[in-house]
Amino acid sequence: MWFYKNHAKKKMSFVVGIDGPAGTGKGTITERLAKKYNFVNIDTGATYRCVTLQMLREKIKLEDEEKIADMLKNIKIEMENQKGTLKVFLNGEDVTKEIRSKEVTKNVSQVSSIKQIRLSMATLQRKMAQGKNVIMEGRDICTVVFPTADVKIYLDADDEERAKRRFKQNQEKNIDMPYEEVLENIRKRDKNDKEKEFGALKVADGATVIDSTNMTIKEVEKEISKIIDKKLKAKKKEEKIYKERPETTWKKIERATIKAILHAFYKIVFRLEKVNEENLPMDEPVIVCANHLNTWDAVGLVVCSKRRIRFIAKEDLFNNGFLNWIGHVFDVIPIKRGMRDMEAMKRCIKALKNGETLGIFPEGTRRGLAKGAKVQNGAAYMALKTKVKVVPVGIQGSFKPFTKVTLNYGKPLDFTKNDDKNPEKEKLDQATKEIMDNIIMLTNSTK
């Protein structure tokens, strides 16, 4: 059983991961940053040291997988902040000092190399971090435990400097170990950590490497703080964008008023005409796919169609205060461009399962086909995933004042009848092509 005491869940989850070899100051910098930002400090190294200590006490050999498995089932590790100091408890006993002993230090690297222990500890560390703002340091935080951490740091320093720091720490803790032995242990551990079959020490993708050899702890703290501050600002902004506005009476009034005004504007200024709108089902979830001419077309579809349509739009649009307000009034779903946005995808699928209508531009950008842009398969993926129909729409016109614009609705496309024996990619490509072929056909016809 695993616990981290005295920390309630927070709405925002923010993870800072600091990897690096022994003696770089990861522990010290983590403690300082945890206090500065009020983050939960999860000492991952302490969990491995607790396991190592328990194996030494029970005289469990490294190769004895069965006994290790039994020990992991019964061991109880707790961490608690007491007056700013992190206390570590093993089966109810305070082992904060003992897990830093010479014997544990000598064996912890080998113990932490055992795959079943690393998997168990990774699961523990994720559970400890769930729903909290946390900072964690270790060897594989950013590569294995949290490869999607908000902030990834690889803290490094040359081995002699690290040995000096560790030797000084040992003296402060009354641990008797010559400098030469400390240096030798550091070098052996570096080699072992970097050559591990599972969870090897390496720089994670997207991590910022900081060499602290000639830096003070304050300088390192300042450098990492800059990165955290920037990411926190971006995270808060992103949360504001992705936060859904509750469906209140006032919101409905706002939406109805805006829709009525813009509908009249489109009818007068763009002489907007709808053709075959009866093809748009009213009693089932559906995906509306259209060609993308300019910034006016999505608004036209939303305010002029008989059904309420929730469009998917690039996240950048929400940076504008007015568009951010409009987007939340009409429940527009923001999506990050150029990457697989799972949050947006989940929200889209949830909307379809709730019987709503989604609006998507498969071209992905304005006049994508004319630019030679690759057609996106998101609409086809969601149609196949949720088994909903796709209504293609051909938008004709230039959206110049007092020139005619036509919304030509095609018959619903049902992909649930596709041959289930076809490979997934083949079905996806086939559905995407069929959607775009119908859109192109509808842009050239008003019948």
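Phenylalanine 399 sits in the loop between β15 (389-396) and β16 (406-409), with strands taken as DSSP E runs of at least two residues and helices as H or I runs of at least four, both numbered from the N terminus. This is a predicted model, in which local features need pLDDT of at least 70, side-chain atom pairs count only at pLDDT 80 or more, and totals for chains, interfaces and linings use all residues. Residues are numbered from 1 along each chain as its sequence is written, and side-chain values use heavy atoms, leaving out hydrogens and water.

**Loop residues with positive phi**
- Phenylalanine 399 is not a glycine, yet its phi is positive, at about 60°.
- Phenylalanine 399 is buried, at a relative accessible area of 6% (buried is under 20%, exposed over 50%, partly exposed in between, with a 1.4 Å probe and protein chains only).
- Asparagine 38, in the loop between α1 (26-37) and β3 (40-43), also has a positive phi, near 60°.
- Asparagine 38 is exposed, with a relative accessible area of 54%.

**Helices α7 and α8**
- Helix α7 (residues 159-172) packs against helix α8 (residues 179-194) at about 125°, their axes 9 Å apart.
- The two helices, α7 and α8, are therefore oblique to each other (angles under 35 degrees count as roughly parallel, over 145 as roughly antiparallel, 65 to 115 as roughly perpendicular and the rest as oblique).

Terms used. Axes fitted to C-alpha atoms, helices over the stretch in contact; angles between N-to-C directions.
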